[in-house]
Amino acid sequence: MIWYILAVIGGLIAVFILLLIAALIRTQLIKKECGNAKPYDMDKDGIAPEIHAEHLSKMIQVASVSRRGNNDLTKIYEMHKRLEELYPLIHKNLEITDIDGALLFRWKGKNPEKAPVLLMSHHDVVEAVGEWKYPPFSGTIADGKIWGRGTVDTKGALCAILESVEHLLSKGFEPERDFYVASSCNEEITGDGAVKTVEYMYKRGIRPELVMDEGGSVMGHMMGCEANCAMVGVLEKGRANVKFIAHSHGGHASIPFRHNPFARLAKLINRVESRPPFKLKLTKPVKEMYKAMAPYMPFKYRFLLGNTWLLGPIMPFFMRKMGGQPAALVSTTCVFTMAEGSHGANVIPETATATANMRFMVHEPLEPSLKKMLKIAKKNDIWMEMITGYDIPPTADTKCSAYKKVIKQIEMTFGDIPVIPYVMLAGTDARHYTKICDCVLRFVPLIMTDEQMKSAHAVNENLNVSSLARAVNFYSDFIEHYETIPYNCLLYTSPS
């Protein structure tokens, strides 16, 4: 019997060694790539990049801040007025619809039977607090950059889109199909601007073949990549704010009792923090992302990311241990962010609450995730209430011609850089457009450092002048040559 057991163990070890050798060989066969970024032509189209920067600066100077509970649209309409001043040809030639502060521009094409293309970027911003290098709404141009709230999120992208349309109109260009530009006025507070815009289009039977919103950008050394990467969001996680409520008879802190509301809430929070109840899984979108990234990674990461066929079952456990972004990619998350109880340090509350922000992954969407949390809450005699939330929107169709045209345009604008289809952890207006479009992407053609990307919602938000100019080139070329972009050729996405 013991010899049989030893033989089985020996066989398993042999199989493991063979699989390990196969994985190492496969890693060696994954050609190490470095990318071949294309130099930027500062004189393209004969427009000085400084002109684009000046226009973005003027947009930044309008403090179109969204605040929850504040319905005053004065600054939003001041922003509309500024756009009218900056882009006279757009306002003369395009059909413009104001949807309670959200804007929808329609550029009529020669063949309206063709499905339109919609580019979008919101024109509201978050508040600017803290100590800034330059005043946050000054739009200062210095050090080769435009500084101010909204440069990254997302007036920079909106400026690039409108600059490109204005330029093409000045050339007398007329698109073959309709092009739309949508800009919400309250994205930053999860407002209804995009919802109303989608309803407007839905009722009129407008079904774009492509929608492209904020999300990823062209970034260097993303997640360890040794090249600039174009991060194209094809999916975003679902989201909910959930309140957990514990009741008691209350009382004075000098006469404590067991299992008071905060004690039960603390037990709940500790349970979720120490033993997260959500499934771990390396889903298809994440596998595709890692497959695209592998050729540009150091050997140890190529080994891990290039061999999900072997390591897939155990990778999620290591990724959870790593925490941060890796952990968020393999499961639903629940983070407690707010708590409230009595208003006196010596008062045991009759009611105490803790609020959590949940983000749902495709293999465990909203309903089953909430059921798990409700089960844990009930064990601790806690009520649960979803304040706001939405489920995971559909993944973008990456096999359609529209997606392939975007990938090809990235190559033509930025060179042979890796294009990474990735899962967005944050939420955008783009999710609403999945109701009317199968290919909803989250990508802006702006080259940004990690520091610049993180400056959104933080101090010293800024964008390079050259990055804005190249984004204008991207949109101009994309719109002008959309019908002839050679999407059937071999695209430079990721070596298999």
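Strand 8 gives the largest share of the lining of the largest pocket, five residues. What you have here is a predicted model, where local features need pLDDT of at least 70, side-chain atom pairs count only at pLDDT 80 or more, and totals for chains, interfaces and linings use all residues. Residues are numbered from 1 along each chain as its sequence is written, and side-chain values use heavy atoms, with hydrogens and water left out.

**The largest pocket**

- The volume of the largest pocket is about 1,300 Å³. A pocket is an open set of points on a 1 Å grid over the protein atoms alone, with protein on both sides within 12 Å along at least five of seven lines, and lining residues have an atom within 4 Å of a point.
- Its lining takes in 49 residues, and Arg359, Met424, Ala426, Gly427 and His457 lie nearest the centre.
- Elements that give two or more residues to this lining include strand 8 (210-220), strand 10, strand 17 (419-424) and helix 15 (450-454). Helices (H or I, at least four residues) and strands (E, at least two) are DSSP runs, numbered from the N terminus.
- By class, the lining of the largest pocket has 19 nonpolar, 16 polar and 14 charged residues.

**The cavities**

- The structure holds two cavities of 30 Å³ or more. In a cavity, a 1.4 Å probe fits but cannot get out.
- The second largest cavity comes in at about 30 Å³, a volume being the space filled by probe spheres set on the grid points, which are joined across faces, edges and corners.
- Among the residues lining the second largest cavity are Leu94, Trp107, Phe179 and Ile479.
- Strand 7 (residues 179-183) supplies the largest share of that lining, three residues.
- The lining of the second largest cavity has eight nonpolar, no polar and no charged residues. Ala, Val, Leu, Ile, Met, Phe, Trp, Tyr, Cys and Pro count as nonpolar, Asp, Glu, Lys and Arg as charged, and the others, Gly among them, as polar.

- Four strands make an open sheet in the order 12-14-10-15, with antiparallel pairing; two strands pair if DSSP finds at least two bridges between them.
- Strand 12 (333-340) and strand 15 (383-390) are the edge strands, each pairing on one side only.
- Strand 12 and strand 14 (residues 351-360) pair over seven bridges, and Ala339 stands opposite Ala354 in strand 14.
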